Amino acid sequence: MDKSRLAEILREPRETLQLEIKEWLDPVDKEHRAIIAKAGIALANHGGGHILIGMTEDGDTYREAVGRPTSLDAFNTDWVNGIIDRFAEPAFHCEVRHVSVQVGGPEFPVVCVPGGHKVPIRAKRSGPGDKIINDGSYYTRRPGPKSEPPQSGRDWDDLIQRCIHNRRDEMLDHIRIILSGSVPTAPQAPEADALMPWEAEALRRWEDRLSEVSCPSDHPVRMPLGRWTCAYRIIGDVTPRRGEELLERLRQAKQPYTGWATWWIPTKPSIAPYPVDGLIECWIKGDDALLREDASHADFWRAAPDGRMFLIRGYAEDDLERIPPGQVFDVTLPVWRVGECLLHAAALTKLLTNGDDQAKIDIRFTWTGLVGRQLTSVSRDRWLEPRTSRQGNVQARGLFLAAALPDALPEAVRELTTPLYEVFDFFVPPDSLIVDELGKMRKNKF
């Protein structure tokens with residue numbers, strides 16, 4: 001879960017089909033628990049979303065509601081999942097994050113509700129006095145926006161089609177990775193290597209920008225404990241785009257699958273992209289003099305008119321509450337990050353080559369700071385034997401047909417992550433891990 005992206009909800013809160021806003025609730029009040037259950041079921045059936053607690057409507061906007069509790073500790077993941085287990089059939093797992101717009105600002109609980117369910121979810125009990133939520137009823141998000149039972153054949157059709165689509169995607173992913181065994185790749189281009197100089201130049205530029213800020217050598221914005229980078233270039237009939245035209249193509253290529261998207265384009269002036277020597281550059285270091293305290297959100301990226309891209313990011317594992325930084329490496333995050341970068345490359349290739357189905361992607365990943373890290377599952381939903389890396393850096397590179405990537409994503413991700421996982425005592429992730437995690441990514445289960 002990405003607090004920085006969730007904080008965007010608080011900047012200008014608006015109820016949508018994916019966001020339901022509630023005033024302050026009593027976590028133990030039975031009616032208030034029924035309210036959360038109904039909202040959670042409706043969002044889950046609609047494809048996922050969020051419940052923001054502690055705001056009230058004020059004209060055309062929202063402000064903090066009266067009645068803020070002295071502590072938000074009761075609004076936690078166990079609390080919301082206890083409600084879902086009691087009211088929903090089948091049950092599903094939610095997360096709760098306490099989010100503020102700025103460091104030191106007031107926090108608000110945000111319930112993150114997953115989508116991607118393969119069957120419609122119904123209420124298995126009623127609320128107090130048979131109010132709010134009713135046993136046996138199905139709820140979804142409808143225009144208004146509001147959480148209600150489906151009101152028409154169209155509402156039911158949308159709900160059922162979402163479930164069928166989710167089943168179909170999962171089935172096809174499993175069949176493809178079993179039968180294929182490989183991802184369609186392109187012959188290695190005979191031209192001189194053009195990717196490595198681009199990556200080296202981008203790294204030097206990042207280091208130059210770092211020299212402009214005054215902060216200790218171990219500050220997270222410098223990513224001292226390690227980082228990962230992705231550099232790629234498009235090989236094909238590229239129509240170069242410059243300036244605002246290129247920026248618009250990057251907006252269109254954005255992959256909306258994770259809370260903190262790769263090559264995210266901020267709009268806030270202090271961190272928005274800017275032109276440099278005919279390129280587009282972005283450094284999300286923080287707001288003016290206030291530097292980010294989380295390396296995994298201090299991205300630096302570059303984009304060239306001819307379709308060359310670069311991104312550097314720190315590890316989310318180094319900002320966990322109960323684990324010291326630099327100690328662990330999550331088993332699932334590389335699948336998400338590599339998958340998202342590949343889909344970004346495929347989308348941008350389509351935009352810059354007018355849909356050339358023979359265009360190729362030359363892509364390279366690097367992971368640093370791995371020595372001594374233990375492979376683990378941060379979310380604790382996968383059990384792993386202890387495995388430790390004795391190697392500091394890992395590189396992986398691939399050349400793929402861009403048009404084939406969306407349908408062959410699991411195979412491409414396996415090819416690019418194999419060198420990384422191997423350094424953790426020869427770990428080989430099961431096919432199901434890659435397929436399942438990519439499925440979650442594509443269904444916004446972040």
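**Notes for a first look**

1. Let's begin on the surface, where K30, R86, K124 and R125 gather in a patch of positive charge. Please keep in mind throughout that this is a predicted model.

2. Another surface patch is nonpolar: W156, I160 and I164 make it, and it covers about 260 Å². To find I160, look in helix 4 (residues 153-180). I160 has a relative accessible area of 40% and is therefore partly exposed.

3. Now step back to the whole chain. It holds 9 helices and 21 strands. The radius of gyration is 23 Å, close to the 22 Å that the globule rule gives for 446 residues, so the chain is as compact as a globular protein of that length. Along the principal axes, the C-alpha atoms fill a box of roughly 75 × 55 × 50 Å. Of the 446 residues, 50% are buried.

4. P266 lies in the loop between helix 6 (243-253) and strand 12 (274-276), and is buried because its relative accessibility is 3%. P266 and I284 are 18 residues apart in sequence, with their C-alpha atoms 8.2 Å apart. P150 is in the loop between strand 10 (146-148) and helix 4. With a relative accessible area of 12%, P150 is buried too. Its C-alpha is 9.8 Å from that of A42, although 108 residues separate P150 and A42 along the chain.

5. Which residue forms a salt bridge with R141? The partner is E20, and the closest N and O atoms are 2.9 Å apart. R141 lies in strand 9 and E20 in strand 1 (residues 19-22), so the pair ties together parts that are 121 residues apart in sequence. Are these two residues buried or exposed? R141 is buried, with a relative accessible area of 5%, and E20 is buried at 6% relative accessibility. The count of salt bridges comes to 30.

6. Another salt bridge worth a look joins the side chains of D193 and R397, at 2.9 Å from N to O. This pair links distant parts of the chain: D193 is in the loop between helix 4 and helix 5 (195-210), while R397 is in strand 21 (residues 394-401), 204 residues apart. D193 is partly exposed at 40% relative accessibility, and R397 is partly exposed with a relative accessible area of 34%.

7. Towards the end of the numbering, look for R390 and D425, which form a salt bridge with the closest N and O atoms 2.7 Å apart. R390 is in the loop between strand 20 (374-376) and strand 21, and D425 in the loop between helix 8 (409-422) and helix 9 (431-442); they are 35 residues apart and link distant parts of the chain. R390 is exposed, with a relative accessible area of 64%, whereas D425 is partly exposed at 28%. Salt bridges that share partners also join E201, R205, R209, E212, E281 and R302 into one network.

8. Please check the backbone as well. Most peptide bonds are trans. The bond from E89 to P90, however, is cis, with omega near -5°. P90 sits in the loop between strand 5 (88-89) and strand 6 (95-99). A cis peptide bond also joins G144 and P145, with omega at about -10°, and P145 is in the loop between strand 9 and strand 10.

9. Finally, a word on phi. Most residues other than glycine have a negative phi. M223 is not a glycine, yet has a positive phi of about 50°. You will find M223 in the loop between helix 5 and strand 11 (227-235), and at 3% relative accessibility it counts as buried. F426 also has a positive phi, near 65°, and is a residue other than glycine. F426 lies in the loop between helix 8 and helix 9, and its 71% relative accessibility makes it exposed.

Methods. Residues are numbered from 1 along each chain as its sequence is written. This is a predicted model: local features need pLDDT of at least 70, side-chain atom pairs count only at pLDDT 80 or more; totals for chains, interfaces and linings use all residues. Side-chain values use heavy atoms; hydrogens and water are left out. Patches are made of residues with over 30% relative accessible area and no salt bridge: like charges are joined within 9 Å, nonpolar side chains (Val, Leu, Ile, Met, Phe, Trp, Tyr) within 5 Å. Accessible areas come from the Shrake-Rupley method with a 1.4 Å probe; for residues, only the protein chains shown count as cover. A salt bridge is a side-chain nitrogen of Lys or Arg within 4 Å of a carboxyl oxygen of Asp or Glu. Lys and Arg count as positive and Asp and Glu as negative; His and the chain ends are not counted. The place of a charge is taken as NZ of Lys, CZ of Arg, CG of Asp or CD of Glu. Helices (H or I, at least four residues) and strands (E, at least two) are DSSP runs, numbered from the N terminus. Buried means under 20% relative accessible area, exposed over 50%, partly exposed in between (1.4 Å probe, protein chains only). The radius of gyration is taken over C-alpha atoms; the globule rule is 2.2 Å times the number of residues to the power 0.38.
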